[in-house]
Every structure is written in C-alpha cells, then in structure tokens.
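Please look over the sequence and the 3D structure shown below. A short report on selected residues follows.

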Amino acid sequence: KLVYEHPKVDLFSASYSRKRKVVTQADYQVEKAGRHYFDAQTRSLYERIEAKLPGYEVALQSATLDEDKFIVAAANDRSQGSRHIYDAKADTLTKLGEIAPWLPEAQMAPMKPITYKARDGLEIPGYLTLPVGKPAQNLACIVNPHGGPWARDGWGFNPEVQFLANRGYCVLQINFRGSTGYGRKFWEASFKQWGLAMQDDISDGVQWLVSQGIADPKRIGIYGASYGGYATLSGVTKTPELYAAAVNYVGVSNL
C-alpha cells in the first residue's frame with residue numbers, strides 16, 4: 001500500500017511517534033528541505049516552532065518519552081544555527097546555544113537554488129552562492145562538484161562555500177546526473193557515464209554561468225573532493241579551455 005510519494009524527489013526519512021504509535025511525517029528535499037505531515041498534531045507542532053524561528057529550517061532532534069519537550073535544531077544557508085528546547089505544553093522556546101557564534105550571519109552569502117538544461121535536454125539542479133556586496137557579473141567563479149558521485153548537494157550552510165564567497169568568488173554546486181534523491185531515472189542516467197555525460201553536465205554548468213553573465217570566462221576554477229576530484233581532473237583534461245585553475249582533493253585518479 002502506497003502511503004505517500006513526492007512527485008519529483010525521493011524521501012530521505014520518516015518519523016514515528018512512539019507514544020501515539022503512528023507515522024508522523026516524511027522528509028524530502030527539492031530545492032530546500034520539506035516535509036509531508038500525516039496528522040494535524042505534527043503539523044501544528046512544527047508550525048508553532050517555525051513561527052518562533054522565522055528564516056530558519058527547523059528539525060526535531062530528540063524528544064522526551066511524553067513527547068512534550070523537544071530538542072530543536074535551527075539553521076539556514078548563512079548560519080550553522082542554534083539548538084533550543086521547545087516546551088509544547090507551555091509553547092516556549094529556550095535557546096541552548098549557537099553552533100558558531102563567531103560567524104556573523106549578516107556577513108555570510110545566501111545560497112540560491114538554480115537549474116539549467118544539459119546538452120541532451122536533462123534538467124540539472126544546483127546551487128549558486130554569490131559574494132556579498134558584489135554585482136553578479138563578470139565574477140571569478142569556482143565550480144565545486146560534489147563527491148560520491150551518488151550523493152547530492154543540498155541547501156544549507158557550507159563552510160567551504162562561505163570561505164570562497166567571502167574571498168570574492170561565486171560558487172556553483174552542481175547536482176549532475178547520478179546525484180541521489182532525484183529519482184531512479186536521474187540516478188541511472190549516470191551509469192557508465194564517468195567522464196562522459198556526467199562531465200558534460202558540469203561543463204554545461206560552466207557555460208550556463210558564462211551565458212548568464214555571472215562568470216568571467218577567463219577566471220573560472222574547478223575544485224572538488226573524491227568524485228569531485230575526479231571531475232576536476234577530468235574537466236581540465238577534457239575541457240582545459242574552460243578552467244584557469246583546478247584543485248583536486250582526494251580525487252579518484254585511476255579507476
């Protein structure tokens with residue numbers, strides 16, 4: 001019996017009430033985190049908490065056996081966030097602490113979800129982070145393919161991306177074909193495509209950055225770890241004209 005499915009992406013978790021003996025929610029991520037509620041009580045709980053933490057994604061990390069007090073995590077793309085105790089009976093939220101209070105949220109760069117079409121027509125999702133206070137044109141940019149390759153980049157605070165944006169670079173993260181969470185067909189499109197269609201997706205992302213006027217075509221670097229390191233080596237081998245610099249961190253160099 002099908003209980004719930006999202007039309008675009010895979011589910012990555014479900015939650016269960018041990019007290020009430022029911023499944024309460026299913027979680028997923030399209031551009032940002034989302035959830036499907038199975039009952040009004042769970043929806044009301046989240047809505048009350050979210051009203052107290054505007055601008056943040058919230059998650060319940062732990063609960064008392066009576067499910068009347070919760071540890072709440074709150075974070076967004078510009079902050080590693082904070083932890084709180086929420087008392088459901090009193091409807092009060094008490095902050096426990098900040099994860100990285102030395103990083104001022106106002107100085108961090110927003111992460112924007114983007115999509116573009118690959119050369120074969122497949123829609124490729126990703127994230128673009130622009131340096132704060134600079135016009136989004138003719139920028140030095142870093143393309144940052146993720147590892148795995150069966151993983152994905154998601155919306156949220158990324159210390160490396162923030163470091164690069166703070167130094168004036170725009171950063172493009174690409175969920176090339178094979179990135180997980182986008183359904184079986186998107187995943188299977190990566191089979192036997194290392195250095196081929198998967199690499200083309202990254203190259204097409206570079207061309208998209210240039211076509212939008214965001215990137216200076218002479219000042220684009222590529223940097224990645226693990227499979228991202230492989231994609232870095234493949235990129236400068238297959239399309240050296242696209243990149244002015246490359247950093248391969250623990251990348252696969254010999255299959």
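Is Thr239 buried or exposed?

**Basis of the model**

This is a predicted model, in which local features need pLDDT of at least 70 and side-chain atom pairs count only at pLDDT 80 or more, while totals for chains, interfaces and linings use all residues. Residues are numbered from 1 along each chain as its sequence is written, and side-chain values use heavy atoms, with hydrogens and water left out.

**Thr239**

Thr239 has a relative accessible area of 12%, so it is buried (buried means under 20% relative accessible area, exposed over 50%, partly exposed in between, with a 1.4 Å probe and protein chains only). Thr239 sits in the loop between helix H5 (227-238) and strand S13 (245-249); helices (H or I, at least four residues) and strands (E, at least two) are DSSP runs, numbered from the N terminus.

Apart from neighbours within four places in sequence, Thr239 contacts Ser203 and Ser234 (contact means heavy atoms within 4.5 Å).

**Leu233**

Leu233 is part of helix H5. Its relative accessibility is 30%, so Leu233 counts as partly exposed.

With neighbours within four places in sequence set aside, Leu233 is in contact with Asn248, Val252 and Ser253. Leu233 and Val252 are 19 residues apart along the chain, and 8.7 Å separates their C-alpha atoms.

**The disulfide**

The structure holds one disulfide (a pair of cysteine sulfur atoms within 2.5 Å). It joins Cys141 to Cys170, with an S to S distance of 1.9 Å. This pair links distant parts of the chain, 29 residues apart: Cys141 is in strand S10 (residues 139-143) and Cys170 in strand S11 (residues 170-174).

Both Cys141 and Cys170 are buried. The torsion about the S-S bond of Cys141 and Cys170 is about 115°, and therefore the disulfide is right-handed.
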